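Subject: Handover of a structure and notes on its contents

Dear colleague,

Please find the structure below for your own reading. My notes on what was found in it follow.

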Amino acid sequence: MQFEAKYAKGIADGAQTLTFRRWTRAQAVSGHTYRTAAGRLFVEEVSIIEAGAITDAEAVRAGYPSAAALLADLRGTPDLAIYRVQFRVAAGPDPRDELAASGDISSAELVEITRKLERLDRASTNGPWTDATLELIGASPGVRAGDLAPELRQELLDFKLNVRKLKNLGLTTSLGTGYRLSPRGEALRNIRGTL
């Protein structure tokens, strides 16, 4: 789930605990945690609701002054189902951050990381990319994604998606501008020599 930046404060302080979306099928599952620009969110309940059943009180919990304002702002065509998603800010630190902070990689973890990187490479329609991306980030910490992507002959959005996959493995961290290898990424680099 994505949220516009204007909702981040309301989500962070607990004022916003609902969102309404027009989807062809549910894009969120009750009991799952999602990473968003507004932080990690735990989805408590997902249900389909009729437009006329949305109350003004629910609209306020979704960051709107009224149900009418919410409905006017819903994206998608009117024939799509409206999903009501109730959520809360997820407790505790992001597991990716904890994973990334660990500079120790056991031999079993090395085998698992290598397996996952190889799987990402095999799944790519453009060929292997993981080692080259890690190497580039390691050599260019803090460099904008828009400057790094062309070096790997990747479109910007593809590059950012690939870096997110590496972040999910705890190998990179995002900076205000650009990225860097995490302690875990540096440990992998040291174990493997050059990536």
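**The strands and their partners**

In strand S4, the bridge partner of Thr-19 is Val-85. This is a predicted model, in which local features need pLDDT of at least 70 and side-chain atom pairs count only at pLDDT 80 or more, while totals for chains, interfaces and linings use all residues. Residues are numbered from 1 along each chain as its sequence is written, and side-chain values use heavy atoms, with hydrogens and water left out.

Helices (H or I, at least four residues) and strands (E, at least two) are DSSP runs, numbered from the N terminus. Two strands are said to pair if DSSP finds at least two bridges between them. Phe-20 stands opposite Arg-84 in S4. Strands S1 and S4 (residues 81–89) are paired in the antiparallel sense over 6 bridges.

S3 is joined to S4 by 8 bridges, and these two strands also run antiparallel. Here Ile-49 stands opposite Ile-82 in S4. S2 and S3 are antiparallel as well, with 4 bridges, and form a hairpin with 2 residues between them. Thr-33 has Phe-42 in S3 as its bridge partner.

Together, the 4 strands make an open sheet in the order S1-S4-S3-S2, with antiparallel pairing. Strand S1 (18–23) and strand S2 (33–36) stand at the edges with a single partner strand each, so one side of each is left without a neighbour in the sheet. From one strand to the next, the twist averages 45° (axes are lines fitted to C-alpha atoms, for helices over the stretch in contact, and angles run from 0 to 180 degrees between N-to-C directions). S2 has a covered face, formed by Tyr-34 and Thr-36, and an uncovered one, formed by Thr-33 and Arg-35.

**The nonpolar cores**

A nonpolar core is a set of buried Ala, Val, Leu, Ile, Met, Phe, Trp, Tyr and Cys residues joined through side-chain atoms within 4.5 Å. Buried means under 20% relative accessible area, exposed over 50%, and partly exposed in between (1.4 Å probe, protein chains only). In soluble globular proteins, nonpolar side chains tend to be buried together.

The largest core holds 24 residues, of which Met-1, Ile-11, Phe-20, Ala-28, Ile-54 and Leu-70 touch the most other members. S1, strand S3 (39–49), H3 and S4 are the elements that give two or more residues to this core. Its largest share, 4 residues, comes from S4. Apart from this core lies another, of 19 residues, among them Leu-117, Ala-149, Phe-159 and Leu-171.

Not counting residues up to four places away in sequence, the contacts of Phe-20 (heavy atoms within 4.5 Å) include Ile-49, Ile-54, Leu-70 and Ile-82.

**Aromatic rings**

The structure holds 4 aromatic pairs. Rings of Phe, Tyr and Trp (its six-membered ring) pair if their centres lie within 6.5 Å; planes under 30 degrees apart count as stacked, over 60 as edge-to-face and the rest as tilted. Tyr-7 and Tyr-64 form a tilted pair, 6.1 Å centre to centre, with 45° between the planes. Tyr-7 lies in the segment before helix H1 (8–12) and Tyr-64 in the loop between helix H2 (56–61) and helix H3 (67–73), so the pair ties together parts that are 57 residues apart in sequence. Tyr-7 is buried, at a relative accessible area of 9%, and Tyr-64 is buried at 18%.

With kind regards
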